[in-house]
Amino acid sequence: MITFDGVEKKEDLKHDHGEAREAILQWKAHIIGTKNQERAKQNLLASLRKNAFLIFMYWAMKFIQLKYREKQSEWFGNRGINWHVISVITRNAEDNDLEIMLNVYLFESCAKTGTRFAQFWKTFSVTSNRSSPSLTRYDFSEPQSGKDVCDRIISPMKWEICRYCNEGHKILTAADMHEALKVRQVKGSSVAVCELVSEREELRIKRINNFSFFHNFANEKGGLRFSEAYEVGKGKLIPWSELILEEQDPVVLREVENHGFFATGPRAINQNRNHSQGSSDDNEVMLFHCPEKGCCTEFTSSVDFQDHVHRGEHSKRH
């Protein structure tokens, strides 16, 4: 039996207990949601056809301006440079292996809105090498997850920009970032300074109640089907005639002159090779270990390790 000095202390403890209990439940729900949403990526990668491609869209944080031997007093108040990252995974028609290509769009100024997300997809689909591309489904990832495919290429790109700056250059504009990443290219990535051109940016649609609760959207012939979690229930279907009130005018994503995408090849994502699951007696040294909790896979090279993480095919001990 617990005794309290007063009613006020009892009420404080009850409040703290309720808050802690709710936080734990939300944390567990986030973990389950993260694992479930990850299944969408794994299923799409496993069933990806040669005439289809999987796109990861990531609004990267702004890149803070850099100067060679910059003083601390000059650092404060620096303006960030907008860069938006799109990773595209396709299947090679010859050897059936997966390939990844990363396109970076640099902007001097660009609002982060849902409308601009639609513009990005529309422009990217038109400029791709596909004929009459169409969007099949759109899945949102849980917070702080799902962008790993982009992050693993953004990290070396940041390093190359800093390296370029340390050679005596300044990174103050989007054009400077383009020049840095053109001189210090990262395999499987290309960069362009772009600007959006549109007479009217807004698409008039019927609002969906509690829209932020839904994470998965599928384009069907009869309309838009959406659900709160991947493959949980049938979801809700809204006919296109009831959803779209007024279509959007054509939008152009224009590359700035002399700062367009430069030619580069995609990076292959090979099947797992040169790896061990912790029970091998070979003398070969496994230097890289999968950081996924429960995965016991080890690799001899960083390339094999990255391919394993890209695919997400983790081996669990039983």
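**Close-up views of a predicted model**

View 1. The side chains of K41 and D148 form a salt bridge, with N and O 3.3 Å apart. Because K41 belongs to helix 1 and D148 to helix 4, this pair ties together parts that are 107 residues apart in sequence. The model is predicted. K41 counts as buried, at 7% relative accessibility, whereas D148 is partly exposed, with a relative accessible area of 24%. The structure holds 8 salt bridges. In general, side chains of opposite charge can pair when their charged atoms come close.

View 2. An α-helix has 3.6 residues a turn, so residues three or four places apart point the same way. R152 is partly exposed, its relative accessible area being 26%. Together, E38, K41, D148 and R152 are linked in a network of salt bridges.

**View 3. Helix 1 and its buried residues.** Helix 1 covers residues 7-46. Its 40 residues should span 58 Å at 1.5 Å a residue, and the end C-alpha atoms are 59 Å apart, which agrees. The buried residues of helix 1 are G33, T34, N36, Q37, A40, K41, Q42 and L45.

**View 4. Helix 4 along its length.** Helix 4 comprises residues 148-166. From its first C-alpha to its last, this helix of 19 residues reaches 27 Å, close to the 27 Å expected at 1.5 Å a residue. Buried positions in helix 4 are V149, C150, I153, I154, M157, E160, I161, Y164 and C165. The residue G168 follows helix 4 and has a positive phi, near 110°.

**View 5. Packing of helix 4 against helix 5.** Two packed helices are described by the angle between their axes and the distance between the axes. Here the axes of helix 4 and helix 5 (residues 174-183) come within 9 Å and cross at roughly 100°. Helix 4 is therefore roughly perpendicular to helix 5. On the helix 4 side, M157, I161 and Y164 take part in the contact, meeting M177, E179, A180, L181 and V183 of helix 5. By class, this contact has 7 nonpolar, no polar and 1 charged residues. M157, I161 and Y164 are also among the buried residues of helix 4.

View 6. R184 and E167 form a salt bridge in which the closest N and O atoms are 2.1 Å apart. R184 lies in the loop between helix 5 and strand 6 (189-197), and E167 in the loop between helix 4 and helix 5, so the pair ties together parts that are 17 residues apart in sequence. R184 is partly exposed, with a relative accessible area of 22%. E167 likewise counts as partly exposed, at 40% relative accessibility.

View 7. S87 is located in strand 3 (residues 80-91). This serine is buried, with a relative accessible area of 0%. Leaving aside residues up to four places away in sequence, S87 touches L54, I55, F56, I100, M101, L102, V149 and C150. Among these contacts, V149 and C150 are buried residues of helix 4.

View 8. Y58 is located in strand 1 (residues 53-59). Between Y58 and D151 the C-alpha to C-alpha distance is 8.8 Å, although the two are 93 residues apart in sequence. Apart from residues up to four places away in sequence, Y58 touches H84, V85, K147, C150, D151 and I154. C150 and I154, both touched by Y58, are buried in helix 4.

**View 9. The chain as a whole.** The protein chain contains 7 helices and 16 strands. Of its 318 residues, 36% are buried. Among contacts in the chain with a separation of 6 or more, 65% are accounted for by residues 24 or more positions apart.

Methods:
Residues are numbered from 1 along each chain as its sequence is written. This is a predicted model: local features need pLDDT of at least 70, side-chain atom pairs count only at pLDDT 80 or more; totals for chains, interfaces and linings use all residues. Side-chain values use heavy atoms; hydrogens and water are left out. Axes are lines fitted to C-alpha atoms, for helices over the stretch in contact, and angles run from 0 to 180 degrees between N-to-C directions. Helices (H or I, at least four residues) and strands (E, at least two) are DSSP runs, numbered from the N terminus. Angles under 35 degrees count as roughly parallel, over 145 as roughly antiparallel, 65 to 115 as roughly perpendicular and the rest as oblique. Contact means heavy atoms within 4.5 Å. Ala, Val, Leu, Ile, Met, Phe, Trp, Tyr, Cys and Pro count as nonpolar, Asp, Glu, Lys and Arg as charged, and the others, Gly among them, as polar. The expected span of a helix is 1.5 Å times one less than its number of residues. Buried means under 20% relative accessible area, exposed over 50%, partly exposed in between (1.4 Å probe, protein chains only). A salt bridge is a side-chain nitrogen of Lys or Arg within 4 Å of a carboxyl oxygen of Asp or Glu.
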